[in-house]
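User: Hello! I am new to reading structures like this one. Could you walk me through a few features, one by one?

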Amino acid sequence: SVSVSGQVLSQGKVGIGSVRVTLTDNRGNVFTALTNPFGYYVFDSVPSGDSYVLSAQARGLSFASRVISLTDNIAGLDISPQ
């Protein structure tokens, strides 16, 4: 298993707290993390070798989902609203 971490940032590059970040695999398994007050999130023990849809949800903000392939740990996977 691997870890995925990053930060949810506003357009002004300020961390956004309390954002729900999810990783969803092709079988429908969902991993969820909540950003801390500085916008940082981390997923530990995610099965490697699969593709996941990375999504974020926060009230009043819109984020684009993206597909990532996990074969190793990923750090610095930042997310910004559209």
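**Reading burial, contacts and rings**

Analyst: Let us begin with Ser 55, which is buried because its relative accessible area is 17%; buried means under 20%, exposed over 50%, and partly exposed in between, using a 1.4 Å probe and protein chains only. Please note that this is a predicted model, where local features need pLDDT of at least 70, side-chain atom pairs count only at pLDDT 80 or more, and totals for chains, interfaces and linings use all residues. Residues are numbered from 1 along each chain as its sequence is written, and side-chain values use heavy atoms, with hydrogens and water left out.

User: Where does Ser 55 lie, and with which side chain does its own side chain make a polar contact?

Analyst: Strands are DSSP runs of E with at least two residues, numbered from the N terminus. Ser 55 lies in strand β5. A polar contact is a pair of N or O atoms within 3.5 Å; within protein, one must be able to donate a hydrogen and the other to accept it, and residues adjacent in sequence count only if both atoms are side-chain atoms. Here the side chain of Ser 55 makes such a contact with the side chain of Ser 65, at 3.0 Å.

User: Which residues is Ser 80 in contact with, leaving aside its neighbours within four places in sequence?

Analyst: Contact means heavy atoms within 4.5 Å. Apart from those neighbours within four places, Ser 80 is in contact with Leu 9, Ser 10, Lys 13 and Phe 63. Its side chain reaches the backbone oxygen of Leu 9 at 3.4 Å. Ser 80 is found in the segment after β6 (66-70) and is partly exposed, because its relative accessible area is 30%.

User: How is a pair of aromatic rings described?

Analyst: Such a pair is described by the distance of the centres and the angle of the planes. Rings of Phe, Tyr and Trp (its six-membered ring) pair if their centres lie within 6.5 Å; planes under 30 degrees apart count as stacked, over 60 as edge-to-face and the rest as tilted.

User: How many aromatic pairs does this rule give?

Analyst: The count comes to two. The ring centres of Phe 31 and Tyr 52 are 6.2 Å apart and the planes are at 65 degrees, so this pair is edge-to-face. It links distant parts of the chain, with Phe 31 in strand β3 (residues 30-34) and Tyr 52 in strand β5, 21 residues apart. Tyr 41 and Phe 43 form an edge-to-face pair too, with 5.8 Å centre to centre and 70 degrees between the planes.

Technical notes
Helix = DSSP H or I, 4+ residues; strand = E, 2+ residues; numbered from the N terminus.
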